[in-house]
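Please read them with the model open beside you.

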Amino acid sequence: MIISTLTRQATQPPRPPSIIHVSLHHIVHYSPSSGSSQTPPTPPNPRRGRESPSLRYRVPSSLHPTCSRTVVNPRLLDSSPPPTTSISDWTVARLQRALKERKISFHWTNRKAQLFQLLTASTSTTTLDSHSLPGSLPSATHSRPSNDVTMQPTSTRQQPPPALTEGQFLSTSSDAVVPPPGEIKFLSVKPNSVTLSWECPKGLEGPASFRVMWGSSVKVEGCFIIRGFHKIEINNLQLGQKYFFRVATQDKDGNLSECVEASVMTAMPAPRHLKKGHSEATALSLKWTKGENMEGIPHQFLITLTSPGKDSLAAHTEDCYKTFSDLEPDTEYIISVSTVLGDACSEPVSTTIHTGADNQMPDWHLIVSTCEHGPCYSEPCLREVLSKMGLEDKYEDKLTLSTVLEINQNETSDNNLDTAESLPETFLKKLKMLNANARSVRCGSHEVITDKSNAINPLDMIVALLLCSDNFLQQYIVLKMALCQFAVPLLLPNYETRQITLMLWSMREIVRTFSPSNLAFGKLSCVERIVLCDIPLVSFVRLGRTILSKSQMLNKLLSNSQQCHDPFYHRKMVCGDVPRRISEGLVEISWYLPCGDRKVDRFTEPLAVANLRGDIRAFDKQFSFLCRTSAAVYIFCDESEADFFKNLKGKDVKANVILISSGQGKPFKLQMLTLKPSLKKTNVSQKKKTETELIKALQESVSKLLENCPNKVSVANLADSAQHCEILVDEDTDECQDARKNVGKITEHIANTSEFKDNHLASQGHIWKALSWLETECWRLRKAGNWDTEEYRKSLKTKEKVLRRKQLRFEMTPIMLSFLRGVVISEVQHYFFLKWLEMDLDSLSWNQLSALQDRYKELSQKFPQDTEKIAEIDKQISACSLHLEHFFRECGQLYECASHLPDYSSQKKTMEQLPALCAQMLLDGFPLELVDGDAANIPIKWITEVLTELHYIMQSNSKLKVITIIGAENSGKSTLLNTMFGVRFAVSKGTCTRGASIQLINVNKDIREELGCDCIMIIDTEGLKPHQMVQDDHSHERDKEVASLAVALSDATIVNVSRDDSSEQDILKMVLYAFTRVKDVRSKPLCHFVHIDMYEKPAAKRRNSKDWWERLNVIIRKDIRMKKAKINRISDVVEFDGDTCSWHFPSVWHGTPPMAPFSVDYSETAHALKKRLLGDLKKCQARGDLMHFIERVEKFWKAL
C-alpha cells in the first residue's frame, strides 16, 4: 500500500476542487493539508449495489492541494455509513457525537459534506478535539476560514498549533476488545519517505482494517484507513525530521484497538562526489557536491579527519570544499563528510588520502616561474593578484554577462585606461568587440615597460577574469576568444583552492565551419560544435628551461603560408615577459581547421593543439592528463634532462612521446621516446640548425601523425580522463546536469523538425498564420475589393473568432510541459536549461539548413528572376528551422489562449509566470522575437505582458532609446550589432534573422542622465530582398513592413548597403520607402549608412559622402511614390551629418576562414560607429519608457 503526493511550486495557491479519476488500483495519492476545506468525496453507499470499476468523485483541495491527478481505490476507504442512514445524516450524526464528547461547539452552514474531511482525519469519533484535527483548525481568535464550516472551542483561550508527539495518539473508548496489530517495523527510511509494516492482529480472521496516523513534533501530517494491507509507504516527508507513527486495528463497527507506536528520523541526504583536490606533505584539500534535493536548503557539513594513533580533527563548513594544513607527512588519513541540518546528520561519505613525503617536489601551486637555474619556488597569492586588478570582491560575488555588456562612461570617452585596475575592463571591452589586439593591454602608456613589479602578464589577467566570472560569462569570454583566434583555457588552475578545472562548459558554444580532405574535393564543408569533434589532440610541454619559446614555435606551426597570427601568447608580445603568478599550470587549447584549399592549408585534417604553461616537473597532474588523452606529446627540453624520463615508466602514457632537445649552441633534435619494453630514443629526423628547419620538421611529423591516427578524441570525452586525474569538470554541477537531462527529454523526440513543430508546437502553426493574416487585413484591407469597409471587417472578425475557437482546442503538449518545467525552476538551472536547449536545437538544424541557405543564396544571386523557386526554398527554410524562439512563440500563443481559461486552471497559473521569466531572459542577454518571422505579425498581448514585466523588474526605471539596423539580406547586420554591442543575435551558418528581434543593454547609473535613458534597445531586422517572392499570404511583404516598423521605433538607424552592386539600387529604393512610410507618424530619425567589404575596392571607386547623398537624391527624384509624398531630397526623411554618416568597413575576417582572425580594422571601425551612435542618442529627444514603447509598437504596426 503506497500513499504519495505530487508536488507543485510553493508559490502557487491551492487548487480549487477538481474532478479526479477513481479506479480499483491499490494506490492512494494523498497530500497532507494545512487547513483549507473544499467539497469532500462522497463515501460509497453499499445500498446502491456493486460499484463500477471506475467511478468519479469530487475530492477537496485540502485533501489534494498539490495533486493534478489522484487515484483512489474506493474499497480502501472504510468510511461507509450504516445502511439505514443517508450519507448527510450519518456524517452529521457522527461529527456531532464526536464534538459533543469533547465539548466543542461548531457552526453549521450550507456545505455539510465538507465535514467529511474532519472525520477521515481524526483518530477516533469519540476522541475528536480541535487539536487532533489536521491542518491547524483556527481557534475563536482566528479569522474565519474560506470554507463554510467554523469550529469554535468552548474555551476562548487561544490554543497552540497542533502537534503530534509520542503518546498523543488516542485509543478507542468503546468496550469492544479489538486485537492490536503487531510491532511496527521500518523497512525503508529515506530523506522524503518512510516504508513501515506491521504483523496481522492475532486471533483476527479475514482481511483487517487499520487506521494509520503520522505526524511530527510540529504538526499532524495525516491519517488514513486501509483494508487488507499491512505495509504502507508515506511520501513527501521533510528530510532530517523526527516522525511518529501509530497503527490501530479497526473493526467493522468502527471500534479501535490499542495502538502500536514507533518513531523514526527521516534520512538526511549525504554529500556526493567527494574528491581529493590538492595533496602534499602537510596539507590536503577536498571538494564535494551537495546531497540530492539539498539545493536551496541552508545546511552545513561536518568533516572529520582521523588517522590511527593520532588525534582526530572535526570541522564545520557551509562550503563544498575544505583545506587541511599542519598534517603529518607520509601519513594515511580517513576523511568523512556528513550533511548537517539542525540536529540531524546524514550518513558520512569517506575517502582515504595519503600525504606525501616531506622531501617530495613542491606541488604546482608553489611555483611562480622558472629561471636559468630551474624552477623558482614561492607561494603565489591569488587574492593579491586579484586585488591589484580590482577583482578581489568578484572572486565570491561573480561577474555576470549583464554587467559586462553594460554601457558605462568608458564607452563614450576617449580616456586611456592604463592602470592595473582598468586592465580587466579594457580587455573585456576590446574582447566583446572581437578586437584581435585585446590581449595586448598594459599598465602605463609607455611602449617599453621598465618597472615590471606593477605589470600584469595577460595570461594572469585572463585566468583572474575566468575565476571571477560565473559559468555563463566564462562561456561568453571563451567564445569571443575563439572568434579572435586566441587559444582558450582547457585546464584552469586555481591557486586559492589548489584545484584544476576542465573548462568543457565554457567551450560548448564554439562552432566552426571547415573542410577536411574527404569534403574538400567536392568543395563542401561541415559545421561542427568544436567540443564534439573527434580529432587528434597533440600536446606541447616543456621540461626545465629552454632557449626556444614554445608558444612562439606553435604559432608558426599553425599559421598558414598566407597569414600569420598568434593563438598562443608568448614572451615577445606586450607584457609577455612579465613573470606569470597565477597562470602557471594553465593548459590552453587551439585548433587547426583546414579550409579545403591546398595552397592555403598547412594541414589537410583538423587538429587540436594543447599547450601547458610551466615546467612539467611542477605540474605532474596536468602532464599525466595530457599523456593519457593526446595522440602525441612533444616535449621541449635540454639534453641534460635525460634522467627525468625514467619517471614516465610508471605513468599511463597512451601518446607518442617525441623529444625536441638541444643544448647551448647545439642543433635541435627530434627523437621518439619508447617506454616499453625499455626506455629508448629513436631519431625522427636529422638535426636541425635553425628554427625554420625545426618548424618544417615539426610540420612533417604532425602531418604523418594525422595520416592514419587511431587515437582521436573529442573535448567532451576528456571529462572521464579528467576525473581519473582528479581534475574537476565545470559541467559537473547538479544544475548543469539536471538541465541537460531535462533538455534531452525534449530533443529526443526531434527526428524531423517540420513534423515536430506540427505535432508539439501546434499553436504557432497554420491557424496562427491565418489569424495573423486576418488581424493585419483588418487594418490594411488589401483584399477588400468592392466590399463595404465595415462589412468586410465584420466578416474578418467572424472568421477570426472561428479560428480562435479552433486554437483553444489545442492542449499543452508534453513537450511544452517539459519546456515550461525547465524555465520555471531555479534561476541558475533555467539559464543552463535555455543554453543547453539553444545549443542542441542549433546543432540539429545546421546540416539541413546550411544546405538550404546555400541554395537560397545561390539562386538569389544568380537567378533572381526565378522567384517561385526562391519562395519555395524560403518556405523550406521556415519549415526546417527550429530554434529557441519557436518555443517562446508557442509560449506566446499558449499565453494568449490561457486568458480564456477559468481563473482556477493550473495551466493558466503556470502561463501567468511566463512573461516575467521571459523578461528576465531579456535581462540575461537572450534576444526576444518582436515580429514573428513566419507569420509576419506581432503577438501584441504576449509582447505587451513581457515588456510590462520587464518594466516592473527594472523598478520602473526603464526609459529607453532604440538603435535599429535595416538593409539587404546577408549583408552582415547581425554581425555588426554583435561586434558593436557584444550582443548575441544569431549569426552562425544555417541561421538568419526572420522578422525582428530585440535585445536590451543596461546603461550605467553614472551616465543615464547624460544619455537620457536607463537602457538601450537594439533591434535586428530581417534582410530586405530585391527579388519579389509573391505568396498568397502576403508574407513576401514582411521584410518591408518590418523595416518600416524598425525605423518608426528607432532613435538612430543603421542602414547596411548591399555588397552586390547589381542589387544596390533596388535595396536603396526599399530603404528610402521605409523612411517615407514613417514620415507622417514620427520625427525624422538619425541615420548612418554602412558599406561592408569596401576595403577590397580601390580607393578611387569608393564613394565619398557627398557623392553618396547625391545618388540617393537622384533615386528620390525618379520615384513616383516619393513625389506623391512630397519628398524631394534625402534630408526630407532622415537626419544626417553629411561628413560622418557614411561608413566604409573592411571584410570581417583578416584572411581565409576558418583560421583567419577577426579583422582589427573592422572591430575598430565598429567601435568608432558605436561611439558616434551613443553621441547621437544624447541629442535625441526622450520618448518615454518601456510602457510608451509598447504603445508605439502597437500604434506603428497598425499605422504602417
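1. A word on terms comes first, since several points below speak of bridge partners: two strands are taken to pair if DSSP finds at least two bridges between them. The model is a predicted one, and every value in this note should be read with that in mind.

2. As a whole, the protein has 1200 residues, of which 56% count as buried, and its secondary structure comprises 32 helices and 42 strands. Among contacts with a separation of 6 or more, 73% are between residues 24 or more positions apart. The accessible surface comes to about 52,300 Å², with 48% of this belonging to carbon and sulfur atoms.

3. The sheet of 7 strands is open, with mixed pairing and the order E36-E38-E39-E37-E40-E41-E42. Strand E36 (928-932) and strand E42 (1142-1144) each have a single partner strand, so one side of each is left without a neighbour in the sheet. On average, and with direction ignored, neighbouring strands here are turned by 20° against each other.

4. Within that sheet, strand E37 (residues 960-967) and strand E39 (residues 1015-1021) run parallel and are joined by 6 bridges. If you wish to find this pairing in the model, look for Ile965, whose bridge partner in E39 is Asp1020.

5. Helix H27 (residues 1038-1049) touches E36, E37, strand E38 (995-1002), E39 and strand E40 (1052-1057), and its direction makes about 150° with that of E37. Helix H32 (residues 1186-1199) touches E36, E37 and E39, and its direction makes about 35° with that of E37.

6. The sheet of 10 strands is likewise described as open and with mixed pairing, and its order is E34-E33-E32-E31-E28-E30-E29-E24-E25-E35. Its edge strands are strand E34 (680-683) and strand E35 (728-729), each of which pairs on one side only. Inside this sheet, strand E28 (residues 537-542) runs parallel to strand E30 (residues 607-615), with 5 bridges between them, and Ser539 has Ala610 in E30 as its bridge partner. Helix H7 (residues 458-467) lies across strand E24 (488-494), strand E29 (587-592) and E30, and runs at about 75° to E24.

7. Which way do the residues of strand E25 (residues 499-502) point, and are they buried or exposed? Gln499 and Thr501 point one way while Ile500 and Leu502 point the other way, and all are buried. E25 pairs with E24 in the antiparallel sense over 4 bridges, and Thr501 in E25 is the bridge partner of Leu492. The two strands form a hairpin with 4 residues between them, and Arg498 in the turn has a positive phi of about 60°. E25 also runs parallel to E35, to which 2 bridges join it; here the bridge partner of Leu502 is Val729 in E35.

8. Helix H18 (residues 814-823) and helix H19 (residues 827-862) pack with their axes 7 Å apart and at an angle of about 135°, which makes H18 oblique to H19. In this contact, Ser818, Phe819, Gly822 and Val823 of H18 meet His830, Phe833, Leu834 and Leu837 of H19. These contact residues divide into 5 nonpolar, 3 polar and no charged.

9. Helix H25 (residues 973-981) is mostly covered, with 8 of its 9 residues buried. The buried residues include Lys973, Ser974 and Asn978, as well as Leu976, Leu977, Met980 and Phe981. Gly982, which follows H25, has a positive phi, near 75°.

10. A last point concerns a loop residue: where does Glu421 lie, and with which residues is Glu421 in contact once its neighbours within four places in sequence are left aside? Glu421 lies in the loop between helix H5 (409-412) and helix H6 (423-432), and, with those neighbours left aside, is in contact with Lys388, Met389 and Gly390. Between Glu421 and Gly390 the C-alpha to C-alpha distance is 4.9 Å, although the two are 31 residues apart in sequence.

Definitions and conventions
Residues are numbered from 1 along each chain as its sequence is written. This is a predicted model: local features need pLDDT of at least 70, side-chain atom pairs count only at pLDDT 80 or more; totals for chains, interfaces and linings use all residues. Side-chain values use heavy atoms; hydrogens and water are left out. Axes are lines fitted to C-alpha atoms, for helices over the stretch in contact, and angles run from 0 to 180 degrees between N-to-C directions. Angles under 35 degrees count as roughly parallel, over 145 as roughly antiparallel, 65 to 115 as roughly perpendicular and the rest as oblique. Contact means heavy atoms within 4.5 Å. Ala, Val, Leu, Ile, Met, Phe, Trp, Tyr, Cys and Pro count as nonpolar, Asp, Glu, Lys and Arg as charged, and the others, Gly among them, as polar. Buried means under 20% relative accessible area, exposed over 50%, partly exposed in between (1.4 Å probe, protein chains only). Accessible areas come from the Shrake-Rupley method with a 1.4 Å probe; for residues, only the protein chains shown count as cover.
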